[in-house]
Amino acid sequence: MKKVDPVVVKETKYILSWVLILSALLQSIFLIIGEWDYTVLLGNLLSGVVAVLNFLLMGITIQNAVVKDESDAKNTIKASNLYRNMLLLIVMIIGVMLPYFNTWTVIIPLFFTRFAIIFRPLFDKK
């Protein structure tokens, strides 16, 4: 197995920090509105971990694809995208179906990586 590129690790840590910040904000909102219980925390943990894992897997796929020829790289990225989206869908279905997870806190954290990417230019030093 190849070593994970330092850039992939750095960007995944950036995504992780945003997921943690936004998860804390989400937990706070549920506390403020008086709807917090253990299912809110479990749903947030489930989706937060999967969101970061999804980003890491995407980074590793791209890292591996850049050393392949164009056709193989395209197929690798397409397959990865399909499997990662299936993972997100399965996690969402499990989180919504089981009573141990709050539905909103299963769905919302899956979008936290999008917010992190949107805000990236504001914090990029280059």
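1. Apart from neighbours within four places in sequence, Val19 is in contact (heavy atoms within 4.5 Å) with Gly48, Val52, Phe112 and Thr113. The model is predicted: local features need pLDDT of at least 70 and side-chain atom pairs pLDDT 80 or more, whereas totals for chains, interfaces and linings use all residues. Residues are numbered from 1 along each chain as its sequence is written, and side-chain values use heavy atoms, without hydrogens and water.

2. Val19 is also one of 12 residues in the largest nonpolar core, together with, among them, Trp18, Val52 and Phe112. Such a core joins buried Ala, Val, Leu, Ile, Met, Phe, Trp, Tyr and Cys residues through side-chain atoms within 4.5 Å. Helices H1 (6-32), H2 (38-65) and H5 (112-123) each supply at least two of its residues, with the largest share, 7 residues, coming from H1.

3. The structure holds 1 aromatic pair. Trp18 and Phe119 are stacked, at 5.2 Å centre to centre and 20° between the planes (pairing needs ring centres within 6.5 Å, stacking planes under 30 degrees apart). Trp18 lies in H1 and Phe119 in H5, so the pair ties together parts 101 residues apart in sequence. Trp18 is buried at 14% relative accessibility, while Phe119, at 31%, is partly exposed (buried is under 20%, exposed over 50%, partly exposed in between; 1.4 Å probe, protein chains only).

Definitions and conventions
Helix = DSSP H or I, 4+ residues; strand = E, 2+ residues; numbered from the N terminus. Phe/Tyr/Trp six-rings, centres within 6.5 Å; stacked < 30°, edge-to-face > 60°.
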